[in-house]
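Colleague: I'm new to this one. Could you walk me through how to read its charged residues?

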Amino acid sequence: NSDVDKRIRTPKDFVLELSVGDTVSMPEDGTVDMYVAWKKPDGTYGYVGWIHNTFTAEVDSTYYLLAKFNSGKVVGSVDELSQHITVTRTITPKKAIDKLSERVASVEDGTDTESAVPEYFNENLQNAIRSAETNMINAGINGESFIFISDIHWENNEKHSPALVKSVTDALPIKNTIYGGDTFNGGTQETVIAIMNDVRQKFTEASPHFLAVYGNHDGNQLDGGVAFTHDEFYTFMQKQSDYYVEYGAPCYYYMDNRVTKTRFIFLDSRTGTPSTASAQIAWLQSVMNNAPTGWHFIVFAHVIYYPESGGSYNDPTTWVMSTDVFAALDAINATGDKNVEAIFGGHCHIDYNGQTSGGIPVIMIDCDTRQTVSGNPQTQGTIGEQCLDIVTVNYSAKEIHCARIGRGMSRTIAY
C-alpha cells in the first residue's frame with residue numbers, strides 16, 4: 001500500500017523526511033529536472049545528480065530537493081513547480097500502526113490538523129450551514145438535500161474538504177455526498193490507486209453515503225497515465241455503496257429515496273459525453289420510465305457541457321451540450337407524470353447555470369482544488385482553497401438552493 005502526500009508548495013517543503021521505498025516523482029516527459037541530496041542518520045551525506053523521472057529513497061533520511069524546468073526555463077516559481085512533483089510514501093504494517101497511533105494521539109490532545117477545519121473557513125462554513133438549514137426546513141418532505149463536490153484533482157488539493165463535509169453532516173441531517181469525478185490528474189497505477197484509497201477513506205469517514213461519478217481523468221488516460229478500467233474505478237471508488245444503489249453497469253447506477261420519491265441517477269462520462277454511449281442512454285430511459293408515477297429525478301454526470309474543438313473551458317459560448325442525455329430527460333418531463341428536477345456536473349472548473357431546451361436546470365460547479373481554469377480566486381490559506389455546495393432541491397417551490405462553502409457564491413435557481 002502507499003499514501004500520496006499533498007504537492008510540495010512552499011520552500012520548506014523541499015526538505016523531506018523519507019523512508020526506504022518512498023518515491024518523489026515528476027512527469028515522464030522531461031519537463032522538470034530534480035537534484036536530490038540527503039543526510040544519513042550516521043551523519044554522512046549522499047546525492048544523485050539531476051534526474052527527470054522518479055527518485056526512490058534507499059535509506060531513511062532527511063532529503064533536500066532542488067527542482068527546475070527543463071524546457072527553456074532555468075527556474076520556476078514554487079507554485080509552478082508544485083504542479084509537477086508528487087511524493088508517494090510506502091506504508092508498511094509498522095508505519096500504518098505508527099500513523100494510526102499518531103492520529104489517535106493528535107485527536108486526544110487537540111493537535112489534529114488533518115480532520116480539523118482551518119479557522120479561516122469558520123465564518124463561511126457556518127453561514128452555509130445556517131442557509132442550508134433554512135432551505136431544508138422550507139422544502140420539508142417535498143425536496144431533497146445533498147452535498148455536491150467535483151474535480152478534486154487530489155494531487156493539487158489542500159485536502160480540507162473531508163473535514164468541511166464532516167462539519168456539515170454533523171450539523172445537518174444530510175446523508176449523501178455526491179462526487180462529480182476527476183479524482184486525480186494521472187500517473188502510475190500505484191499512484192492513482194493510492195489516491196483513490198485516500199479519497200475514499202477520508203470522504204466515507206466524513207459522510208454516511210459517498211456516491212462517485214466517473215470523470216474523464218478517472219480513466220487515467222490523460223497526462224501519460226496507464227489506462228484505468230471501469231471495474232478498477234468501481235472497486236476503489238464505488239463498491240462501498242453496493243448495498244443501497246442499483247447498477248446498470250460499471251460505472252452508471254441509481255439510488256432511490258422512497259420517502260421523498262427521489263431517484264438519484266449517476267452517469268458515466270469517461271470518454272467525454274454520455275451521449276456517446278447508446279446502451280447507457282437506453283438504460284437511462286428505462287430507469288426513468290420504470291419509476292413510479294409522481295417520482296422526481298436528479299441526474300449527475302461529470303461532463304454535461306464541454307468545449308468544442310478550439311473552444312475554451314471558461315467560455316460557455318464555445319461549449320457543446322450532451323444532446324442525447326438532454327433529449328431523454330426532456331422527453332420524461334413532457335409526459336407530465338414524473339419530473340426531472342435538475343442535472344449536475346463539473347469538468348469545466350467554473351460555476352455555470354444553464355438549462356435544456358425543455359427548461360431543466362443544468363448546474364455546474366467549480367473545481368474543489370487549486371488548479372487552472374476556475375474564475376474564482378484560489379489563494380492558499382483562504383477559503384479559495386476549496387469549493388463545495390450544500391444543495392437543496394425544493395420540489396414545491398421549484399427552486400434549487402446551492403449554499404457555497406469555499407470560493408465562489410451561493411446560488412438560487414428557479415425553474
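Modeller: Strands (E, at least two residues) are DSSP runs, numbered from the N terminus. Glu-385 sits in the loop between strand E20 (361-364) and strand E21 (387-394). This is a predicted model, where local features need pLDDT of at least 70, side-chain atom pairs count only at pLDDT 80 or more, and totals for chains, interfaces and linings use all residues. Residues are numbered from 1 along each chain as its sequence is written, and side-chain values use heavy atoms, leaving out hydrogens and water.

Colleague: How many salt bridges does a search of the whole structure find?

Modeller: Side chains of opposite charge can pair when their charged atoms come close. A salt bridge is a side-chain nitrogen of Lys or Arg within 4 Å of a carboxyl oxygen of Asp or Glu. The search turns up 11 of them.

Colleague: Is Glu-385 buried or exposed?

Modeller: Buried (under 20% relative accessible area; exposed is over 50%, partly exposed in between, with a 1.4 Å probe and protein chains only). Glu-385 is buried but has no salt bridge; the nearest side chain of opposite charge, Arg-370, is 6.0 Å away. Still, a polar atom of the Glu-385 side chain lies 2.6 Å from the backbone nitrogen of Gly-381.

Colleague: Which residue meets Asp-366 in a salt bridge?

Modeller: Arg-407, at 3.4 Å, N to O. That pair links distant parts of the chain, 41 residues apart. Asp-366 is buried at 0%, and Arg-407 is buried too, at 2%.

Colleague: And which residues are linked in a network of salt bridges?

Modeller: Asp-351, Asp-389, Arg-404 and Arg-411. Within it, Arg-404 pairs with Asp-351, with the closest N and O atoms 3.0 Å apart.

Notes: Helices (H or I, at least four residues) and strands (E, at least two) are DSSP runs, numbered from the N terminus. Lys and Arg count as positive and Asp and Glu as negative; His and the chain ends are not counted. A polar contact is a pair of N or O atoms within 3.5 Å; within protein, one must be able to donate a hydrogen and the other to accept it, and residues adjacent in sequence count only if both atoms are side-chain atoms.
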